[in-house]
Amino acid sequence: MTTQDPYVLAAEAADHIRRQSGIDTIQLALILGSGWKGAEDLLGDIVVRLPAEEVPGFSVSGVAGHGGSLTVRELAGGGHVLILGARTHLYEGKGVGPVAHGVRTAAKLGATSLILTNGCGSTVPEWGPGTAVLLKDHINLTSTSPIQGARFVDLTDAYSPRLREVARRVDPNLPEGVYAQFPGPQYETPAEVKMARLLGADLVGMSTALETIAAREAGLEVLGISLVTNQAAGFAPAPLSHEDVLQAGADAGPRLASLLASIITEMSQS
Ligand code: 8IG
């Protein structure tokens, strides 16, 4: 029997990963979103790769393009990274616990930094498909939180200014934007995108804000990087299709892989 308390469940998952990997403590965790899967192989040798369904609290995602394994790799510069290829989205209807589980598991394994990547829509005409954008803030439009009870987490600088600077040392041209999380799974209407834009959002997606909230509660330093895979609805010349989204990710893959590898190297040296 597994427990229902999300923090205890995360500790169980962390212990499972410890036993399977022989690694006691990790330094970094990484969630790979749409378009980012190819970035993994540059990040060091595999210590262990675990199917999500074997790790307490994780399950397989039903979304094409969303993987289903947890991998511990040894970083070239020393230390270990946990790569979560098994993001759970709010729209899967499993509640906020599973959405935050990967982040909490990483924290229980001792990670101090977390890199969140995603594929998203853009409301900035100059940021077309293939553009990588650093997140500087978010707007949570999901009407929910991964945190339950009176835990008042500060979200000023939720996206670490220090890590954003590290990323910009690698690529000084990386733009920074505000990410609005919608609940999904449907893409926005053009009116909803216009609303988000008016509220100050540059990017629209379905994942990262809730994960960042859970990460800040757990004390992790967060770096968020979005890949624009499509112009958001109403900003796009054509209706949105999931296939186009996957294609934009595949096209950008090699560039994202080296960007991410360089950022992680820079992080481990700073
Ligand atoms: I990839 O246009 C991807 N994810 N909400 N809107 C939202 N999520 C997305 C989009 C988009 N593209």
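**Entry 1: where the ligand sits**

I looked up the place of the ligand first, and it sits in the largest pocket. For "sits in" I used this rule: more than half of the molecule's atoms lie within 2 Å of the pocket's grid points. A pocket, on a 1 Å grid over the protein atoms alone, is an open set of points with protein on both sides within 12 Å along at least five of seven lines. A cavity is a set of points where a 1.4 Å probe fits but cannot get out, and lining residues of either kind have an atom within 4 Å of a point.

I note that this is a predicted model, where local features need pLDDT of at least 70, side-chain atom pairs count only at pLDDT 80 or more, and totals for chains, interfaces and linings use all residues. Residues are numbered from 1 along each chain as its sequence is written, and side-chain values use heavy atoms, with hydrogens and water left out.

**Entry 2: the shell around the ligand**

Which residues surround the ligand? I listed Gly119, Cys120, Gly121, Tyr187, Glu188, Val204, Gly205, Met206, Thr229, Asn230, Leu240 and Val245.

I then checked the polar contacts, meaning pairs of N or O atoms within 3.5 Å. A ligand nitrogen atom is 2.4 Å from an N or O atom in the side chain of Glu188. A nitrogen atom of the ligand is also 3.5 Å from a polar backbone atom of Gly121, and a ligand nitrogen is 3.5 Å from a polar backbone atom of Gly205. The protein covers 96% of the 330 Å² of accessible area that the ligand has on its own, by the Shrake-Rupley method with a 1.4 Å probe.

Strands E5 (113-122), E8 (203-205) and E9 (221-231) are the elements that give two or more residues to the shell. E5 gives the most, three residues. Helices (H or I, at least four residues) and strands (E, at least two) are DSSP runs, numbered from the N terminus.

I read a volume of about 360 Å³ for the largest pocket; a volume is the space filled by probe spheres set on the grid points, which are joined across faces, edges and corners. Of its 25 lining residues, Ser34, Tyr91, Gly119, Tyr187 and Met206 are the closest to its centre. E5, E8, E9 and helix H6 (242-268) each give two or more residues to the lining. The largest share, four residues, comes from E5.

**Entry 3: the cavity**

How many cavities of 30 Å³ or more does the structure hold? I found one. About 90 Å³ of space lies in the largest cavity. Its lining has 13 residues, with Ala86, Arg87, Thr88, Val99 and Gly102 nearest its centre. Helix H2 (residues 96-108) gives the largest share, five residues.

**Entry 4: two backbone details**

I found a cis peptide bond from Gly184 to Pro185, with omega near -5°. Pro185 lies in the loop between strand E7 (176-181) and helix H4 (190-199). Ser143 has a positive phi of about 65° although it is not a glycine.

Technical notes
Near = heavy atom within 4 Å. Polar contact = N/O pair within 3.5 Å; in protein donor to acceptor, adjacent residues only side chain to side chain.
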